[in-house]
Amino acid sequence: LQSFSVQSSIGRSRLFPAYLRHHQQRRQLVLATVRRCLRGPHFASQRLRINRLMREELPRLAKTEPPGSLPKLAATQFGKALRRALKQGRLRHSASPKKLHQLRIVLRKVRYLAGFFAPVLGPDTARLVKRLRRVERVLARIHDMDMAMQHLAHEGPLPPRALAIYLRQQREQNLAKVDKLWRRFTDSAL
């Protein structure tokens with residue numbers, strides 16, 4: 001709400017300052033809750049478990065000899081995830097925020113696998129990861145706008161109409177970008 005693009009588009013609205021103030025106050029309240037949770041016993045116990053995993057269990061596992069071939073495992077797992085992502089690619093045309101977010105999650109899994117297995121999979125993997133990241137980033141922006149529009153509809157005072165229009169326009173522009181980036185991602189030359 002404080003970005004230059006939003007301010008320049010709807011900053012002139014007479015409703016916007018009050019709307020922005022409401023959300024800033026709400027954010028301060030939420031921030032206090034987050035701080036309280038981070039200082040609580042549940043978070044402390046989770047942090048201890050993660051520390052034990054990182055310091056003791058993972059180094060012990062790293063010393064053991066893995067069964068089977070790492071390149072074969074990498075190729076199998078990555079291939080499976082990539083086929084799943086390509087199959088889910090039809091979701092990029094969906095109007096449903098849920099389905100677009102589902103596509104983003106599938107792409108993220110492929111990207112993580114590609115990044116993790118990059119040394120084994122070869123040099124072209126880095127280019128694929130870049131292309132995956134670009135598609136994923138645009139899908140993340142769309143998800144942010146979908147969440148913002150949902151939030152606008154259910155939280156606080158009525159938003160300025162200009163803000164809703166701005167978010168819809170941004171969403172449409174990003175949907176067009178997804179299609180363009182998807183074609184680059186699925187380019188057979190890669």
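Modeller: H6 and H7 pack with their axes 9 Å apart, at an angle of about 160°. That makes H6 roughly antiparallel to H7. Angles under 35 degrees count as roughly parallel, over 145 as roughly antiparallel, 65 to 115 as roughly perpendicular and the rest as oblique. Axes are lines fitted to C-alpha atoms, for helices over the stretch in contact, and angles run from 0 to 180 degrees between N-to-C directions. Helices are DSSP runs of H or I, at least four residues, numbered from the N terminus.

Colleague: Before we go on, what kind of model is this, and how are residues numbered?

Modeller: It is a predicted model, where local features need pLDDT of at least 70, side-chain atom pairs count only at pLDDT 80 or more, and totals for chains, interfaces and linings use all residues. Residues are numbered from 1 along each chain as its sequence is written, and side-chain values use heavy atoms, with hydrogens and water left out.

Colleague: Back to helices. How does H5 sit against H6?

Modeller: H5 spans residues 97-121, and the axes of H5 and H6 come within 9 Å and cross at roughly 155°. That makes H5 roughly antiparallel to H6.

Colleague: What residue classes make up that contact?

Modeller: The contact of H5 with H6 has 14 nonpolar, four polar and six charged residues. Ala, Val, Leu, Ile, Met, Phe, Trp, Tyr, Cys and Pro count as nonpolar, Asp, Glu, Lys and Arg as charged, and the others, Gly among them, as polar.

Colleague: Now pockets. What is the volume of the largest pocket?

Modeller: About 390 Å³. A pocket here is an open set of points on a 1 Å grid over the protein atoms alone, where a 1.4 Å probe fits, with protein on both sides within 12 Å along at least five of seven lines; lining residues have an atom within 4 Å of a point. Volume is the space filled by probe spheres set on the points, which are joined across faces, edges and corners.

Colleague: Which residues lie nearest its centre?

Modeller: Leu1, Val6, Asp144, Ala148 and Leu167, out of 16 lining residues. H6 gives the largest share of that lining, six residues. By class, the lining has ten nonpolar, five polar and one charged residues.

Colleague: And what lines the second largest pocket?

Modeller: Its lining includes Leu1, Gln2, His23, Arg26 and His151. The largest share, six residues, comes from H2. The pocket holds about 270 Å³ of space.

How values were computed. Helix = DSSP H or I, 4+ residues; strand = E, 2+ residues; numbered from the N terminus.
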